[in-house]
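Here is a short briefing on one protein model. Keep the structure open while you read.

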Amino acid sequence: MIYKTFLSAVLMASLTNCNANKNMSADSDKAKVETSAPSNNQKNTVYLNEGENKFLSEYQMNVTFKSISEDSRCPEGVQCVWAGIAVANVELMSTTSRPMTVQIATSDLKSKNLSKKVMFNGYEISLVQVSPNSTETKTAATLKGKYKIGLTFKKV
């Protein structure tokens, strides 16, 4: 309960620092590129809806997008001091291991021990998309259960 209250207070404080802006700044464009959909020709990208589970035979692993545990990304249509971050809880299980839940973020954030990439079963797994982005009327709370993520897999 305290965690939710604290998170709400931080979110409200960050939103009060945002000003509506019709012309996106270069920083906002950079943040938008990081969370926008990858091009159709990007290899090894797997898309999952929140709660969806897929067995990926080419990687010999099962991947489940459990939830978004944090979404403090700057809402569309406003200019924020900080671009924010989204954190996806993803359960990974290979054909030879037990399930393991990892957190993958849209940006590296060492202060919270968050990373855009995780290593599992000989692959580097990266979070390349989180959608939809929040808006002034659609908050992270109202988007719960409607998120979609894109993950890339790279053999290491």
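Y59, Y123 and F153 form one aromatic cluster. The model is predicted: local features need pLDDT of at least 70, side-chain atom pairs count only at pLDDT 80 or more, and totals for chains, interfaces and linings use all residues. Residues are numbered from 1 along each chain as its sequence is written, and side-chain values use heavy atoms, with hydrogens and water left out.

**Aromatic cluster**

- The whole structure contains two aromatic pairs. Rings of Phe, Tyr and Trp (its six-membered ring) pair if their centres lie within 6.5 Å; planes under 30 degrees apart are stacked, over 60 edge-to-face, and the rest tilted.
- Y59 and Y123 are edge-to-face, because their ring centres are 5.1 Å apart and their planes meet at 80°.
- This pair links distant parts of the chain: Y59 sits in the loop between β3 and β4, Y123 in strand β9, 64 residues apart. Helices (H or I, at least four residues) and strands (E, at least two) are DSSP runs, numbered from the N terminus.
- Y59 and F153 are stacked, because the centres are 4.5 Å apart and the planes are at 15°.
- F153 belongs to strand β10 (residues 148–155) and Y59 to the loop between β3 and β4, so the pair ties together parts 94 residues apart in sequence.
- Y59 and Y123 are buried, and F153 is buried too. Buried means under 20% relative accessible area, exposed over 50%, and partly exposed in between (1.4 Å probe, protein chains only).
- K155 lies over the face of Y123, 4.8 Å from the ring centre. The criterion is NZ of Lys or CZ of Arg within 6 Å of the ring centre and within 35 degrees of the ring normal.

**Loop between β3 and β4**

- E58 is also placed in the loop between β3 (53–56) and β4. E58 counts as exposed, because its relative accessibility is 52%.
- N44 and E58 are 14 residues apart in sequence, and their C-alpha atoms are 9.7 Å apart.

**Strand β6 and its partners**

- Strand β6 (residues 86–94) is largely enclosed by the rest of the structure, because seven of its nine residues are buried.
- Strand β4 (residues 61–71) pairs with β6 in the antiparallel sense over nine bridges. Strands pair if DSSP finds at least two bridges between them.
- Strand β7 (residues 100–105) runs antiparallel to β6, with six bridges. A hairpin of five residues joins β6 to β7.
- L92 of β6 stands opposite V63, and its bridge partner in β7 is M100.

**Open sheet**

- Four strands form an open antiparallel sheet in the order β2-β10-β9-β8. Its edge strands, β2 (45–49) and β8 (117–120), each pair on one side only.
- β8 pairs antiparallel with strand β9 (residues 123–131) over four bridges. There, K117 has S126 in β9 as its bridge partner.

**Salt bridges**

- The structure holds four salt bridges, each a side-chain nitrogen of Lys or Arg within 4 Å of a carboxyl oxygen of Asp or Glu.
- One of them joins E91 and K66 (3.7 Å, N to O). E91 is in strand β6 and K66 in strand β4, so parts 25 residues apart in sequence are tied together.
- Another joins E70 and K112 (3.2 Å, N to O). E70 counts as buried at 10% relative accessibility, while K112 is partly exposed at 44%.
- D71 forms a salt bridge with R73, with the closest N and O atoms 2.8 Å apart. D71 is buried at 10% relative accessible area, and R73 is buried at 5% relative accessibility.
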